Amino acid sequence: MEIHALAATTEWERRVALTPDGVRQLVGKGHRVSIDPGAGSRSGFCDRDYTEAGATVGDGSGADLMVCVERPDPARIAGASAVLGLLDPLDPLGSPDALASLVATGTTLLAFELVPRTTRAQTVDVLSSQAALAGYQAALEAAVRCDRIFPMLTTAAGTLRPANVLVLGAGVAGLQAIATARRLGAVVSGFDVRAAAAEQVESLGATFVSVDIEPQDAAAAGGYAQELADETERRLLEGLFEPVTSADAVITTAAIPGRPAPRLVTAEMVSEMRAGSVVIDTSGATGGNCEVSRPGETVVVDGVEVSAPLDLPSRSANHASRLFSRNVVNYVELITGSEGGLDLGVDDEIVRLSTVAADGEITHDRIRSMSTERN
């Protein structure tokens with residue numbers, strides 16, 4: 001199989017889909033690998049690293065499979081048999097034309113966002129590997145922006161109490177944010193609508209915030225939280241008002257695939273927070289968990305900084321790329337035929353569920369339904 005790694009073109013995207021180590025693994029299995037010039041430079045990997053690993057540097061014309069960390073330019077993938085990467089097929093705020101232009105190339109689209117959350121799929125679960133780094137970076141961002149230090153500090157001038165940090169959403173990103181804030185010495189609490197979250201939050205040494213709503217069964221939605229009914233949402237916001245307004249730093253990580261991010265922090269909550277406190281909203285790309293968030297920006301409301309960065313995993317570009325590359329290598333194994341070539345007809349649940357389109361037609365039921373609704 002001939003595999004080509006595309007360079008990211010977005011200004012803030014520093015990751016690369018294949019690292020030199022990933023190239024070595026693929027070449028060792030008989031694949032031919034190429035990469036765009038300079039594709040790994042912002043992740044700490046120069047072109048020489050790739051050539052020494054066995055790759056060639058070029059445009060990848062005629063590649064069987066192209067891999068990417070962001071939705072690619074349709075013109076780049078038109079000649080490939082398949083493209084694998086973060087294609088954003090569930091983007092609830094984006095233009096349907098963006099996905100349609102990729103579908104129109106006739107290339108088979110394999111989206112990491114659609115990989116099922118099963119035990120077997122963990123080795124190809126890019127969302128989880130990158131979310132862990134997003135949670136880590138969110139905690140660091142909160143620590144830098146907050147006007148109070150996270151750990152307790154005893155000095156000759158007196159003792160400073162540790163900062164209070166609240167993490168809303170206890171998925172992979174949220175749990176990593178909790179763990180990182182705890183390591184930094186903060187007093188941490190966490191919340192999630194899913195029933196299993198309380199035990200996970202408390203296992204990290206944080207306090208679980210109880211709200212008077214019926215917990216959700218995550219297994220019923222593939223591990224993700226579900227949208228709330230209006231009355232449940234009202235009770236949720238009422239229950240979160242005091243924990244949010246008393247926190248020095250709030251980190252929000254809640255997301256629902258294919259839907260706008262759930263609103264967890266209202267403008268009223270922000271206005272009641274102490275001046276100098278911060279909100280780090282990791283869900284800005286899908287509308288934000290905080291009512292006053294602006295994707296990719298930091299705003300100040302009554303002295304409270306509200307930041308919605310879009311590049312959190314990319315800030316740890318070297319390690320993020322290493323994890324992404326391992327996910328790619330593991331996925332390639334699923335679509336490699338018995339003779340080493342690309343086999344898109346493989347009978348594999350992970351491949352089937354993560355296939356968006358083939359031969360110019362959307363094949364994924366959910367994506368097809370979303371596309372019909374938008375049109």
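Predicted model: local features only at pLDDT ≥ 70, side-chain atom pairs only at ≥ 80, totals over all residues.
The buried residues of helix α6 are covered by elements that include α5, β9 (164–168), β10 (187–191), α7 (197–203) and β12 (249–252). A search of the whole structure finds 21 salt bridges, and several of them are described here.

- Helix α6, which runs over residues 172–183, has twelve residues and reaches 17 Å from its first C-alpha to its last, close to the 16 Å expected at 1.5 Å a residue.
- The residues of α6 that count as buried are A173, G174, L175, A177, I178, A179, T180 and A181.
- After α6 comes G185, a residue whose phi is positive, near 100°.
- Helix α5, one of the elements that cover the buried residues of α6, has 20 residues, and its span of 28 Å between first and last C-alpha is close to the 28 Å expected at 1.5 Å a residue.
- At the start of α5, a side-chain oxygen of D125 comes to within 3.3 Å of the backbone nitrogen of L127.

- R15 is found in the loop between β1 (2–5) and α1 (20–28), and it counts as buried because its relative accessibility is 8%, below the 20% cut-off.
- The side chain of R15 makes a polar contact of 2.8 Å with the side chain of E13, and the pair also forms a salt bridge, with the closest N and O atoms 2.8 Å apart.
- E13, like R15, is buried.
- A polar contact of 2.8 Å also joins the side chain of R15 to that of Q130.
- When neighbours within four places in sequence are left aside, the residues in contact with R15 include A8, S43, V69, L86 and Q130, and also P313, S314, A317, A320 and S321.

**Other salt bridges**

- R32 and E2 meet through their side chains in a salt bridge of 3.6 Å, N to O, and this pair links distant parts of the chain, with R32 in strand β2 (residues 32–35) and E2 in strand β1, 30 residues apart.
- R32 counts as partly exposed at 49% relative accessibility, and E2 counts as partly exposed at 22%.
- R48 forms a salt bridge with E52, in which the closest N and O atoms are 4.0 Å apart; both residues lie in helix α2 (residues 47–53), four residues apart, about one turn of the helix.
- An α-helix has 3.6 residues a turn, so residues three or four places apart point the same way.
- R48 is exposed, with a relative accessible area of 58%, and E52 is exposed as well, with a relative accessible area of 56%.
- A network of salt bridges links R14, E141, R145, E305, D311 and R315.

**Residues at the surface**

- I149, L153 and L160 make a nonpolar surface patch of about 240 Å².
- D212 lies in the loop between β11 (207–208) and α8 (230–245), where it is exposed, with a relative accessible area of 64%.
- The C-alpha atoms of D212 and A111 are separated by 37 Å, and the two residues are 101 residues apart along the chain.

Methods:
Residues numbered from 1 in each chain as written. Heavy atoms only, no water. Patch = residues over 30% accessible without salt bridge, like charges linked within 9 Å, V, L, I, M, F, W, Y side chains within 5 Å. Areas by Shrake-Rupley, 256 points an atom, 1.4 Å probe, with all protein chains shown as cover. Helix = DSSP H or I, 4+ residues; strand = E, 2+ residues; numbered from the N terminus. Buried < 20%, exposed > 50% of the residue type's maximum accessible area, 1.4 Å probe, protein only. Polar contact = N/O pair within 3.5 Å; in protein donor to acceptor, adjacent residues only side chain to side chain. Contact = heavy atoms within 4.5 Å. Expected span 1.5 Å × (residues − 1).
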